[in-house]
Amino acid sequence: MEILGKTTKHSRAIEKRIEELIQEMTVAEKIGQLSLVNSIYGKITKPLRQTIAEGKIGGILNEVDVNVVNELQQTAVEESRLGIPLLVGRDVIHGFKTIFPIPLGLASTWNPEIPERCGRISASEASATGINWTFAPMIDISRDPRWGRIAESFGEDPYLTGVLAKAIVYGFQGDDLSSPGCIAACAKHFAGYGACESGKDYNTANIPENELRNVYLPPFKAAFDAGAASVMTSFSDLDGIPATANEFLLKQILRQEWQFDGFVVSDWEAISQLSVHGLTASDKDSACEAANAGVDMEMVSRTYADHLADLLIEGKISQDRIDTMVSNILRAKFKLGLFDRPYTETSSVNTDKSHEYLEAARCAAVQSCVLLENKHNILPLSKDKLSSIAVIGPLADDRYEQLGTWIFDGDIELSQTPLQAIKAFMKKSAEVNYCRAMATTRSRSREDFGEAVETVRKSDVVILFLGEESILSGEAHSRADISLPGIQNELIEEIAALGKPIVLVIMAGRPLLLEKARKNVDAILYAWHPGTMAGPAIAELLFGIASPSGKLPVTFPRAVGQIPIYYNHKNTGRPATAGSVTNIDDIEAGAPQHSSGDTSFHLDIDNSPLYPFGYGLSYSEFKYSNLRLDHDKIKLGESIRIEVELTNTGECEAEEVTQLYVRDLVGSVTRPVRELKGFKKLRLRPGETASITFELSTDDLAFYGRNNKLVTEAGRFHLWIGGCSDTDLRAEFEIIES
Ligand code: BGC
C-alpha cells in the first residue's frame, strides 16, 4: 500500500498553484471556500447558483444527482471569477448502492482487504454521481455499546482500528486521488467522541491526555499516515473545550506534531453550537474560536460566511490564518484533480461491475459474522438431514433492516434476505416454514406467537432472526438498556419450550446483552447488519458452505453495569483474582463492614465479559503450539521475531485469526494488561499446519509515558498468541538499554 507522498514534485507544483490562486482571491472569495453548504436534493435554487457563481461556496454535501452536480460544478468553474471547482461530500460509510456490513461488521472480519475493497467499490459507485469526498472512515474508539454510533466504528481497539482505517482510506483514495473512481476520505470524529458519558450521543467526553494519546488518537495517526485528505471535528467537548474549538487537538497534535497537510471540516453546525456548549456568547465568537483553533471549513452553519470578514477587519483573526485555511482546502481540490476534470461522465456508472460488487459484499458479509455459541456442534446444518426448517423473526425477510445505519443511497432492490437465500439453498429438498412473529424487533404484542409456535412444531429445526432494526443504532440512537428489544426474549422462551434445536441469528448495530437468550438456544451467529448480501452470506454459514471466521472487535458485556468493559484495561492495584466471585447472596444479614475479597469486582456479576474481544468460534478447531522468539532480550531499536505453529485440528477447511498481544510489565505510566500488536488471518485445510511469524520492533512497543512523550522503555514484557484476547499461550522477553 503506497502512502501518498508529501514532498513530491507534484505536491510542490500544487503548492505553487495554491499560492498563485490565493494572491488573486478577494477576501470574500477566500471566505467562500470555507463554506460547506447542504444541498436541496436534486434542486438548484437561484440563490444557490448565484452564491456559487460569486465564488462564495467551497463545497456542497448531500447532492447525488449527477446532472445536478455537474451543473453546480459548471457554475463554479465557468461562471465564478476564478473557476474554483466544488467539493461534493456525502456520508458513504459502508457502501453506496451496494451495501457492505456496517463498519463494526467490517471490523469483525479482521481482514484489511475487506474494508479496502468496500472503500474501493463505494468510491467507484459514489464517484459516478459526482461525489468526490466521503465523510468516512469513522474511527472513534468505542468502548460503550450503549452508544448508537458504535455501529459506525471499528470497535474498541486502537491497533485494529488503525489497521482497518489505513485499509479503507486506501480503498477510497487509491494511490492517486485524482484517478477516476477515487474520492477523498475524512477521518472522523476528531477526537474522543466515542468516550461520550453514559454512551449518550453528543455527550461530554473526559479523557486524560495520556489515555487520549495512547488509545483514542492512534487510529487517526494511522489514517493520516495513509494519506487521509481531511478530518472532521467531533461534536463533543473534551476536558472542557469542544473539539471544534480545541487548539490542543487541531493545532498542537494535528498540525505541529503530525504535520497534517489536509483540511479540517467541522461536523454539522458544530461551530454555531459552540455557543450552545457555553463556550461562546455569539456566532461571531464561535467563528473566531473555531477559525483560530484550526477548523478550515464550516459544515452547514454560516458563522464563517457571516462573521469572518468583520473578525479580519477587527484583527481578531489574521489574514495569514485565513490564507492557511483556504490553502488547506484548495490543496485537496488540486489533489483530487478537480481543476483539470471537474465534471463527471454521466455514463460512468459501471453496471457491468454490479455482479462483482455483490460478490464482494457477500464475501465481506460471510467474514463479518461471528459464531458466538455452537452447542453440540448443531451448526452447520446438514441439508440432507432436514425435511423442514422454521424461519422465524422480524429480521428474516426485511430487505431494508439488514442494511444497517447510514445507507442513504443503498439500493434496497439489490438486497437478498436470509429467507430468500435459505429457500433458494434448500430448493425443494426441505419445506421452509416462515413466520415473522413480531411486527418489529420492538414489538410487545404476542399476537403472532401462536402462529410462530405452530410453525416451529411442524419443523425439524428453528432459525430465529432477531436483534435490532437499523434505526436503533447509529447517530443519536443510543440505548440505556441494550437487551434484545421488545419481547424477543419471551418469543425465544416460548419456542425453546418446544424442545426443537434453535439457531439464533442476531442482526444488530451493537453488542446486545445475550445472557438470557444464550441459555435457551443452541447456536448464536452474530451477523451485525450484514448489508445487501446478508441472505446468501448467512445461508452459506448456516449450511457450512463456509465456516465462520469473524472475531469480535468489541467486548460483549453480561450486563449494562459492567460498561465500559474492554480487554485492554489497566491492572489496578487490586485486580480481580480467581477468588473474586459473585457473592451477594452469601453475605449475611447485618454483616459488619469488610473488604470482600479486597479486589476489583462487582458483588453481583461474574467479573468476566460474556464474550471477550477477539473471540469467535469456527466449525473447525485450531491448535497453537511451539511458540518461540528468536531472542529473549533485545536492545532499543531492535526487533524480535515471533513464530508459532497453527494447526487445523478439526474436520473442515476454515480460516483463523491469529492474534498477538503483549503486556509491558512495568512502565513510567501504568500499562494495559494486554494490547493487540498484530494479527493474521489464514485459511487452513483439515490437518494442515502453518508457521506464522510476526516481527515486533521496539518502536511497535512505544507508548506515551510520563509527561505524555512517546517513549519505548526498557523492561520485561509478556507476549501471548492465540485465537482470542484471553489466550494463555505465553512467552516473555525483555528490552534492555543499549
Ligand atoms: C454526523 C457526521 C456526518 C455529518 C454529515 C453529522 O450529524 O455526526 O458524522 O458526517 O452529519 O452528514
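Predicted model: local features only at pLDDT ≥ 70, side-chain atom pairs only at ≥ 80, totals over all residues.
Residues are numbered from 1 along each chain as its sequence is written, and side-chain values use heavy atoms, with hydrogens and water left out.

So much for the bookkeeping; next come the names. Surrounding the ligand are D91, F135, R149, K188, H189, M232, F235, D267, W268, M299, W406 and E475, where a residue is near a molecule or strand if one of its heavy atoms lies within 4 Å of it. Three of these residues put a polar side-chain atom by an oxygen atom of the ligand: for D267 the distance is 2.5 Å, for R149 it is 2.7 Å, and for K188 it is 2.8 Å. A polar contact is a pair of N or O atoms within 3.5 Å; within protein, one must be able to donate a hydrogen and the other to accept it, and residues adjacent in sequence count only if both atoms are side-chain atoms. On its own the ligand has 310 Å² of accessible area, and the protein covers 94% of that. Such areas come from the Shrake-Rupley method with a 1.4 Å probe, and for residues only the protein chains shown count as cover.

K188 turns up again in the backbone, where a cis peptide bond with omega of about 0° joins K188 and H189. H189 lies in strand β5; helices (H or I, at least four residues) and strands (E, at least two) are DSSP runs, numbered from the N terminus. Strand β5 belongs to an open sheet of three strands, ordered β5-β6-β9 with parallel pairing. Because β5 (186-190) and β9 (263-265) stand at the edges with a single partner strand each, one side of each has no neighbour in the sheet. Neighbouring strands here are turned by 25° against each other on average, direction ignored; axes are lines fitted to C-alpha atoms, for helices over the stretch in contact, and angles run from 0 to 180 degrees between N-to-C directions. Three bridges pair β6 (residues 230-233) with β9, and S230 has F263 in β9 as its bridge partner. Two strands pair if DSSP finds at least two bridges between them.

Another open sheet, again of three strands, runs in the order β17-β19-β22 and pairs antiparallel. Its edge strands, β17 (622-629) and β22 (689-697), each pair on one side only. Strand β19 (residues 639-648) is joined to the antiparallel β22 by nine bridges, and S639 is partnered with S697 of β22.

Most residues other than glycine have a negative phi, and most peptide bonds are trans. I563 and P564 are joined by a cis peptide bond, with omega about 0°, and P564 sits in the loop between α20 (534-542) and β17. D239, a residue other than glycine, has a positive phi near 50°; D239 lies in the loop between β7 (237-238) and β8 (241-242).

As for the overall layout, the chain is divided into domain 1 (358-542) and domain 2 (622-736), with bounds from an automatic or database domain assignment. The C-alpha centres of the two domains lie 36 Å apart.
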